[in-house]
Each structure stands twice: as C-alpha cells, then as structure tokens.
Amino acid sequence: MSKLTKNQKLALEKIEAGKSYTLAEASEKVKEITFTKFDASLDIDVRLGVDPRKANQMVRGVVTLPHGTGKQVTVLVLCNPDAEAAAKAAGADYVGLDEYIEKIKGGWTDVDVIITQPAIMGKIGALGRILGPRGLMPNPKSGTVTVDVAKAVEEVKKGKIDFKVDKNGIVHSSIGKVSFTPEHMKENAREFINTLIKLKPATAKGTYIKSIYLSSTMSPGVKVDVKTIDD
C-alpha cells in the first residue's frame, strides 16, 4: 500500500468517518480537501440499484448543467456543406466531412465531442473502432446525431454532457470545477442527480439511488446524504 502524502492526510482528517453530508456541506467540503495546484474537476459518483446487464435497466441520458462544466469543450461537426456555416456560427471548433473522416482514420481524435447528421452516419460507422473506446462516437440518445447540428453545438458549449451507467451500476461524471462557488457546485450536482432520478427504469426494484459521492481530482470522496438533494 502506498504511503499517504501530507495533503492526502490533511484531506482525510477533514472528513468525518462514516458521516453523510448534505449536498451543500459536501460541496463546501470538496473545496476544503482539494490541494491541487491546478483547477481540479468536480466529480460525482452515483451507485444505482440497477442491473446494467439487462437492457431494460440501462440508464443513459444527457443533462445541461446550469453552470456549465467549467472547461473549454472542443467540438467537431461532421456534416454536409449546407450545414457548415450554421455549425461554425454556433461555435464548432472544426467543421467538415471527408477530410476529418480521413484524419480520424489516421488516428486524430483531438476533440471532446463529435456531432453529426443522421444522413452522415453511414460514413461514420466505419470509425466506430476508433471513436467508440474514446467515447466519441455520435449517438442519437446523447443528442450528437441530429438534423440541427447548430443547436447541438450551442448546447454542448453551454454545458450539456452525456452519461451512462457502467457495468458495476455506477454513473461517474465530471460536473464542474472546484473553482466554482459551493452554491454552483451544489446546483450542478442537484441537476445531475435529479436527471438520474427521472431516468429510473420501470423494472428497477428496491432502492434506486444507493449512494452518492462528490470528489475532486485526486481528492477522497465525500459521501452525500441522498435525502438532502433538494435542501
């Protein structure tokens, strides 16, 4: 077992063992226990009472965070020429089609989100092996395959993110930065959690939200009392 650093010890001392904090307290606590010299990401981990192996219990969705993600999101739009001007005006960083498909085939994936049109998916299908493992494959469920690429670009730039439960029943996502105010951190977390609640599968039995933890890059997790989400 690796030895704890001085900052890791300080962080653990500030968290009361076995305690569940209100969402507001947890947001403040994450700021307290973050000692990185860079602006760390605010992360959330929610364990759900679902069986992801069953198709009817897969939880996947999108949420627009009220205060954004705090990071500059690089967007590539693969579209027909008639949609290029609108995509650029909406703030897309890269816009085109065949030339970018060739770049991706060559290994280029220096973007955060790829948006495309339904009519283009036939061309993009061959890129699945490259884009899939990196979480970049456009998908209608996440709003990245759409006829209105300009609107999709605007939403992503404003803080729209997509998420999916993993094989262990946990949804993990970055929902902001530690430089945010505790209030903004709390509101982003609340919006994320409430979106998950709305997506509860009808076939899920028992407790749906089993646990919630907030943390930052390299910090320990702070347990959130599920009953305090709307406080």
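In what order do the three strands of the open sheet stand, and is the pairing parallel or antiparallel? I looked this up to begin with: the order is E4-E3-E5, and the pairing is parallel.

**Ground rules.** I am working with a predicted model, where local features need pLDDT of at least 70, side-chain atom pairs count only at pLDDT 80 or more, and totals for chains, interfaces and linings use all residues. Residues are numbered from 1 along each chain as its sequence is written, and side-chain values use heavy atoms, with hydrogens and water left out.

**The sheet.** I took strands (E, at least two residues) and helices (H or I, at least four) as DSSP runs numbered from the N terminus, and called two strands paired if DSSP finds at least two bridges between them. E4 (94–96) and E5 (113–116) are the edge strands; each has a single partner strand, so one side of each lacks a neighbour in the sheet. Neighbouring strands are turned by 15° against each other on average, direction ignored. (Axes are lines fitted to C-alpha atoms, for helices over the stretch in contact; angles run from 0 to 180 degrees between N-to-C directions.)

I then checked E3 (residues 75–78), which three bridges join to E4. Leu78 has Gly96 in E4 as its bridge partner. Helix H4 (residues 98–105) lies across E3, E4 and E5, at about 115° to E4.

**Gly221.** I found Gly221 in the loop between E8 (209–216) and E9 (222–224). Gly221 is partly exposed, at 35% relative accessibility; buried means under 20% relative accessible area, exposed over 50%, and partly exposed in between (1.4 Å probe, protein chains only). Beyond its neighbours within four places in sequence, Gly221 is in contact with Ile15, Tyr213, Leu214 and Ser215, contact meaning heavy atoms within 4.5 Å.
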